Protein chains: 2
Amino acid sequence: MGNPKSIEPFFTPKSVAVIGASEKPGSIGHTIFDNMKKSAVGKLFPVNPKYESIQGLKAYPSISAIGERPEMAVIAVPAKGVAAALEECMKLRVKAAIIISAGFSETGEKEETQKIAELARKHPRTRVIGPNCVGVLNNHNKVDTTFFERSRMKEPKKGTLSFISQSGALGSMILDWIATQEFGINKFVSYGNAMDVDEADLLEYFGKDEGTKVIAMYLEGAKDGRKFFETAKKISRKKPIIVLKGGRNEETSKATASHTGSLAGSSKVYDAAFRQAGIIQADDLLDLFSIAKLLEREPLPRGNRVQIITNGGGFGIVTADQVIANGLELAKITPETAAKLKAEMPTITTGNPIDLIGDADFERYLKAIKACHKDENVDILMVLVLFNLPNLEVEKLAGLTKPQGKITKPMMVVAIGSDFTQKYLEKVEREGFTTFNYPSIAAKALKEAVGYAEYLRKKK
Amino acid sequence: MGNPKSIEPFFTPKSVAVIGASEKPGSIGHTIFDNMKKSAVGKLFPVNPKYESIQGLKAYPSISAIGERPEMAVIAVPAKGVAAALEECMKLRVKAAIIISAGFSETGEKEETQKIAELARKHPRTRVIGPNCVGVLNNHNKVDTTFFERSRMKEPKKGTLSFISQSGALGSMILDWIATQEFGINKFVSYGNAMDVDEADLLEYFGKDEGTKVIAMYLEGAKDGRKFFETAKKISRKKPIIVLKGGRNEETSKATASHTGSLAGSSKVYDAAFRQAGIIQADDLLDLFSIAKLLEREPLPRGNRVQIITNGGGFGIVTADQVIANGLELAKITPETAAKLKAEMPTITTGNPIDLIGDADFERYLKAIKACHKDENVDILMVLVLFNLPNLEVEKLAGLTKPQGKITKPMMVVAIGSDFTQKYLEKVEREGFTTFNYPSIAAKALKEAVGYAEYLRKKK
């Protein structure tokens, strides 16, 4: 397969049938139909033989009864009815079908699973996502088949991160976390048991997708390892791919079989293959989040030399330790920059960290930041702020705006504290800067960004 | 010295003189005096020849002019005046003196530094904390010489964690972070250049201090390595000591010299010494926070077998990976427990993770938690909750109260998400359970708690 055009209708369908749409609030068929009504899809058809109309729209007993061909069908009926519904879609030459229903390979239902697999082979013109998934969310036109409980989640902002998740629930958690952030989601897809469309197809699609700058994935096991890694190798030269691999150990890979029906495979084999394919492997969820955030918001670093600027000596030192622990280098600013800073601000220390000391005001930060942005020995800026120190004009600091397109070095602002600090740190983030609470998390994310940038340079 | 009794007056002085107390709002002398007025100290004397009265109290031109001997003196005058003020305190046989003023060994002022060191040697009856420090906070009687900007910080709750910080600013940051948590501070001390009272003296004191259950430290370099590690070895058999070492690399240890005037020393030597002394070494701030939180709130684990309980398969798998990555074991519940759970809840999987699956309600969690608490093959419980899944009665789950004294296994609740999830997770924490946002952070903290518990068992 590997034809990204065949994936497009999942995200921008002109018309959609929801098979199993329902009038019953709280049911999956009701939630999906309700979500889809809010989307920018031109035509929407509820399909359910039990109803005359659903949520105010005429209902159809079957997809064939609609009288025209919907571009996409969402199948949310009990497992026993899935094969029949799918076959009907395929005969109609529906381009995209999402099977939400669970109860297939992940629970050992061989017969049903085989039926669907057989249909997918016979009718390659209809691409199938699922079964056992929550489907897709296009955050721009709001095509949305996910049946998450909206009242318990926040809506993520629009952005350029696209996220592929084998697991639906984990996907919901990650979307909900992203909603707390200033960066946003472009498209999300949970593909479950991957009977037809798999991680490689989706990767290929997002590789071509213009709205996608960064691809993040939760992967338990690739359906076709060779295809996946070959695709990844191609895409990673254009866009970063960050993967959190679930089931990295013999014991945990067994658990993935009952979760999404996939065999996770040996960790060592995967680790090496990830590296060779230019994939950034996240150690855990925290890592996935911080790397994705950094890559979505900041330019790629041109080297690994980090300059720390701080108003707290100890804070600077523990951060410098983290920079080194993550294989990065402490930058050495040029004697010219050091002399200039020292002349302007005699009380500071101009090593690395540059310690603006406890009575630092906004001007000191501004001078140090500007000088380091210009300094040829600096690739990355880590700006640490103790917002609680009395001399700092926090409003000014938090109001510092990022000059669009002019900044070519990644810069992050790191601070930790209670409400006051958090409020100003969030303001900093809203102004376009990338913030972290902990030096270790910032440094680890940086390490991966630096590694990816190096990978790209080698490939050129 | 190592006489913990000589340290007591710093935290529970019957009377205090503030030398350099001021009427000028925003000045250090004003802030300290203002804080001290709110404390439970019986008698308070402002000392400053410039004023007749300070903040409504009669002011004295010198400490000798008071006419009685204050138990503690806080010295907050310019560096040039410190030696004279200290000598006066010593002649009066003041028991405890805190030198807030900076401008000594950390800035290379040899003469002033030597004067103070000489005085400390000549008058051992007066114990001295500082110079270049923020002094002490006793969170119970509110004796407080820290001059932090209160409007920019939250007040930490009362608790059993005592915190020793070489750096004042880093200390303020950590106190402010603790204020966001449900656990609290007993006593805090920043000791700066450690000319008399050093980290070992403070460790000895907190080792004996009944209100202190856990000791956390930020250390750049021990003044007397042998004394420090010998003291630590003794104390660590009674209470956990968690140390974040600043300046763990050749490059960063240089920076500590200009910060607190201490030579940090080689990382490898320290690492080995920490291990031998039973000290838990935190890799970074995040680690320090999470280990301290876990040890303050939970019983020590009897082994390393972790049982994961979840309502999200993928979430469970990535957590299991973290458990293994941190050298812990996935528990194997007894066949009896598994059979009982399966009989009560046929749809769940009873491996590790125990997957209560997406439609789990509160009762499922309760049954699984209770069974695992009883199971002899389980040492630790990690309960993962996707609060956003629609079937879960979040109020009930978050309202689950911890039976006082009855729980002998550490249990933590892990969840991540936006406002809804965070609200209920905080409720869980208020009910006495220990919560984390990320499996990796929880697992890393657990690893240290397990390691410390093993250390104690070996020593017995």
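**Where the chains meet**

Tutor: Chain A is divided into domain 1 (1-133), domain 2 (148-297) and domain 3 (301-459), with bounds that come from an automatic or database domain assignment. This is a predicted model, in which local features need pLDDT of at least 70 and side-chain atom pairs count only at pLDDT 80 or more, while totals for chains, interfaces and linings use all residues. Residues are numbered from 1 along each chain as its sequence is written, and chains are lettered from A and ligands numbered from 1 in the order in which they are written.

Before turning to the other chain, consider a contact inside chain A. The centres of domain 2 and domain 3 of chain A, taken over C-alpha atoms, are 30 Å apart, and their contact takes 13 residues from domain 2 and 14 residues from domain 3 (residues are in contact if their C-beta atoms, placed from the backbone, lie within 7 Å). On the domain 2 side, helix H10 (residues 285-297) of chain A provides the largest share, 8 residues (helices, H or I of at least four residues, and strands, E of at least two, are DSSP runs numbered from the N terminus). That side of domain 2 of chain A divides into 6 nonpolar, 2 polar and 5 charged residues (Ala, Val, Leu, Ile, Met, Phe, Trp, Tyr, Cys and Pro count as nonpolar, Asp, Glu, Lys and Arg as charged, and the others, Gly among them, as polar).

Between the chains, 62 residues of chain A are in contact with 62 residues of chain B. The helices of chain A that each supply at least two residues to this side include H5, H10 and helix H8 (250-260), and H11(A) gives the most, with 10 residues. By class, the side of chain A that touches chain B holds 28 nonpolar, 23 polar and 11 charged residues.

H11(A) packs against helix H5 (residues 168-178) of chain B at an angle of about 80°, with the axes 6 Å apart (axes are lines fitted to C-alpha atoms, for helices over the stretch in contact, and angles run from 0 to 180 degrees between N-to-C directions). H11(A) is therefore roughly perpendicular to H5(B), a label given to angles of 65 to 115 degrees, with those under 35 counted as roughly parallel, those over 145 as roughly antiparallel and the rest as oblique. Gly313(A), Gly314(A) and Phe315(A) of H11(A) make this contact with Ala169(B), Leu170(B) and Met173(B) of H5(B), which gives 4 nonpolar, 2 polar and no charged residues.

For H5(A) and H11(B), the packing angle is likewise about 80° and the axes are 6 Å apart, so H5(A) is roughly perpendicular to H11(B). Here Ala169(A), Leu170(A) and Met173(A) meet Gly313(B), Gly314(B) and Phe315(B).

Val383(A) counts as buried because 25 C-beta neighbours lie inside 10 Å (20 or more make a residue buried, 12 or fewer exposed, and numbers in between partly exposed). Leaving aside neighbours within four places in sequence, Val383(A) is in contact with Ile309(A), Ile369(A), Met411(A) and Val413(A).

Technical notes. Contact = placed C-beta atoms within 7 Å.
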